[in-house]
Amino acid sequence: IGRREGEIVMIIHSIELENFRQFRGCHHLDFSIDNDKNVTVVMGENGSGKTTLEQAFTWCLYGKTTFKDKQLLNREVCNTMPIGTTEQVKVEMVVHTNNAEFCIRRRQTVTKKSASKHVSSLDDFNVKRRNANGDWEDVGKRLQADSIVAEMLPEKLSGFFFFDGERIDKMS
C-alpha cells in the first residue's frame, strides 16, 4: 500500500471470499507482489463484482461496508438454505507488513430460522501472525487484533486505498 523509508508498508498477498455477496462458494485472488511488477488491475463489466471485492477488503479489516443492503451472505445460498441450517460468509486476507506476515479473517454465521427469517451472528474477527516455523499463531484478543489492523492501515485512510471507480468523484 505504501513504500517509504521508515513508514509502515502493507503488501496484500491474497484475498479469499466465501459466499460474500455475489461471490457464491470460495473465490481466491492472488495479487502481484513482485518488486518490479507489483500492480494488480481488476477489470470487469458492470455488476461483475469489482465494488463487492473492494467492499470485501473494508469488511475484512474493519467490519463495515457501504452497501445499502447489509446482508452479506450470498442471496442464492441464503434462499436455498433449509430451515434450521447455518452457512457462513467469510473474507480472509494475507498481508505482509513490518517484516511480518499476517492472516486477517472475518466471518459471520447465518442461521435460517424460518422461510423468511435469517439471523446473523456477530462477526468473528481473527488475526494470525506467521511464526519463524511458518505456522500461523493467534495474535491474541480482539483488541490486539484491532490494534494490529489499525497500525497497518488506519480506517480513516482506507478510503484512499480501497475505493471503487463509481465513487471516485467523491474523493476529490
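1. Glu-155 is partly exposed, with a relative accessible area of 37%; partly exposed means between the limits for buried (under 20% relative accessible area) and exposed (over 50%), using a 1.4 Å probe and protein chains only. Glu-155 forms a salt bridge with Lys-64, with the closest N and O atoms 2.9 Å apart. A salt bridge here is a side-chain nitrogen of Lys or Arg within 4 Å of a carboxyl oxygen of Asp or Glu. The pair links distant parts of the chain, 91 residues apart: Glu-155 sits in helix H4 (residues 155-158) and Lys-64 in the loop between H1 and H2. Lys-64 is also partly exposed, at 44% relative accessible area.

2. This is a predicted model, in which local features need pLDDT of at least 70 and side-chain atom pairs count only at pLDDT 80 or more, while totals for chains, interfaces and linings use all residues. Residues are numbered from 1 along each chain as its sequence is written, and side-chain values use heavy atoms, with hydrogens and water left out.

3. On confidence: pLDDT is the predictor's confidence in each residue, from 0 to 100. The mean for the protein is 86, and 88% of its residues reach 70 or more. Helix H5 (residues 168-171) has the lowest confidence, at a mean of 51, and strand S2 (residues 23-30) the highest, at 96. Where pLDDT is low, the predicted coordinates should not be read in detail.

4. The protein has five helices and seven strands, in the order β-β-α-α-β-β-β-β-β-α-α-α along the sequence. Helices (H or I, at least four residues) and strands (E, at least two) are DSSP runs, numbered from the N terminus. Of the 172 residues, 37% count as buried.

5. Which residues touch the most other members of the largest nonpolar core? They are Ile-15, Phe-20 and Ile-104, in a core of 35 residues. Strands S1, S3, S4 and S6 are among the elements that each supply at least two residues of this core. The largest share, seven residues, comes from H1. Such a core is a set of buried Ala, Val, Leu, Ile, Met, Phe, Trp, Tyr and Cys residues joined through side-chain atoms within 4.5 Å.

6. Leaving aside residues up to four places away in sequence, Phe-20 touches Thr-52, Gln-55, Ala-56, Trp-59, Phe-67, Leu-72, Val-89 and Val-91. Contact means heavy atoms within 4.5 Å.

7. Asn-19, in strand S1, has a positive phi near 55 degrees and is buried, with a relative accessible area of 5%. Arg-21, in the loop between S1 and S2, has a positive phi of about 55 degrees. Most residues other than glycine have a negative phi.

8. The structure holds 10 salt bridges. One of them joins Arg-75 and Asp-69, at 2.0 Å from N to O. Arg-75 is partly exposed at 44% relative accessible area, and Asp-69 is partly exposed at 32%.

9. Asp-124 and Arg-105 also meet in a salt bridge, at 3.1 Å from N to O. Asp-124 lies in strand S6 and Arg-105 in strand S4, so the pair ties together parts 19 residues apart in sequence. Asp-124 is partly exposed, at 29% relative accessibility, whereas Arg-105 is buried, at 15%. Salt bridges with shared partners join Glu-16, Glu-18 and Lys-90 into one network.
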